[in-house]
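I have put my comments in order below, so please have a look at the model first.

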Amino acid sequence: MCTVCGCGEPDKKSATHTHEHPHDHAHDHAHEHQHDHEHDHEHHHYGHGEFGAHVPGLSQKRMIQIEQGILEKNDGYARNNRLMMQKQGILSLNLLSSPGAGKTTLLSRTIKALPDNLTCKVIEGDQETSHDADKIRETGAQAIQINTGKGCHLDAHQVGHAMEELALAKGEILFIENVGNLVCPAGFDLGEDAKVVILSVTEGEDKPLKYQQMFHNADLILINKIDLLPYLDFDLDKCLEYIEAINPGVKTLQISATSGAGMQNWQEWLSLKHQLKQL
């Protein structure tokens, strides 16, 4: 069980849990985690203790050990991914948001607007279905789907194998559309150059306060669906104020992936990042 995201649940003491991460290719990767469920006769309360969480049968100390082990292993895979992309001048972006914030629509429109001399490939993360990957393929871009099952985020190991399958070419852009979730993906480095967080105006202006780690880790924040602002009770100024408080100085762009408003600014940011990657 991953104490960071709660993927899977322990069945018995000292049980071995295998999490399957299927891909659209021949590899089948299973990760086994051995759990020693310690009982230290301490009281568990949600939000209390050194770890700040509660998992039945696990002490606070054990939860910290498990999380550290998971993240350290992930960071090793992320370093390998980053090194490979650095050598090939590949710009990689990790797209993060709540479900329904408009990541796939944004990505489809972005791909269609890329200049002819710039190609991209896409890794799609969802718990089930290949619907989003199918939509991306309709743009002409190559996409691979990773279904995480119960898993609520992509990890660097999965991304590394997907990169092998995509056979990335020198100077391409790799878009990684993560599983829709503002919690767990924030803590997992995939080897990307930048985390791009998409916030829809349909969600409420207080999301940056509620999900601080995600917005704090963002390299760029896109406030999407601004064409709907006249019909919503969304305080844009307050949202920008919250973002600045959580991540001072972070670049924030206001866009509509549907109407096209503000998309030019996003495309210019993307182009500049890609140029810098080639230096």
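Here are my notes, going from the whole chain to one strand and then to a helix pair.

1. A word on the basis. This is a predicted model, in which local features need pLDDT of at least 70 and side-chain atom pairs count only at pLDDT 80 or more, while totals for chains, interfaces and linings use all residues. Residues are numbered from 1 along each chain as its sequence is written, and side-chain values use heavy atoms, with hydrogens and water left out.

2. The overall picture. The chain has 8 helices and 9 strands; these are DSSP runs (H or I of at least four residues for helices, E of at least two for strands), numbered from the N terminus. Of its 279 residues, 52% are buried, meaning under 20% relative accessible area with a 1.4 Å probe, protein chains only. Among contacts between residues at least 6 apart in sequence, 66% join residues at least 24 apart, where contact means heavy atoms within 4.5 Å.

3. In strand 4 (residues 120-126), 7 of the 7 residues are buried, so the strand is largely enclosed by the rest of the structure. Both of its faces are covered: C120, V122, E124 and D126 are buried on one side, and K121, I123 and G125 on the other.

4. Which strands pair with strand 4? Strand 6 (residues 173-177) runs parallel to strand 4 and is joined to it by 5 bridges. Strand 5 (residues 142-147) also pairs with strand 4 in the parallel sense, over 6 bridges. Pairing here requires at least two DSSP bridges between the strands. E124 has bridge partners in both neighbours: E177 in strand 6 and Q145 in strand 5. D126 stands opposite N147 in strand 5. Strand 5 has 5 of its 6 residues buried, so strand 5 too is largely enclosed by the rest of the structure.

5. Now the helix pair. Helix 2 (residues 103-113) packs on helix 8 (residues 263-277) at an angle of about 65°, with the axes 11 Å apart. That makes helix 2 roughly perpendicular to helix 8, a label that covers 65 to 115 degrees. The axes are lines fitted to C-alpha atoms over the stretch in contact, and angles run from 0 to 180 degrees between N-to-C directions.

6. Who meets whom there? From helix 2, L106, R109, T110 and A113 meet M263, W266, Q267 and L270 of helix 8. The residues of this contact divide into 5 nonpolar, 2 polar and 1 charged.

Note on methods
Parallel < 35°, antiparallel > 145°, perpendicular 65-115°, else oblique. Nonpolar A, V, L, I, M, F, W, Y, C, P; charged D, E, K, R; others polar. Buried < 20%, exposed > 50% of the residue type's maximum accessible area, 1.4 Å probe, protein only.
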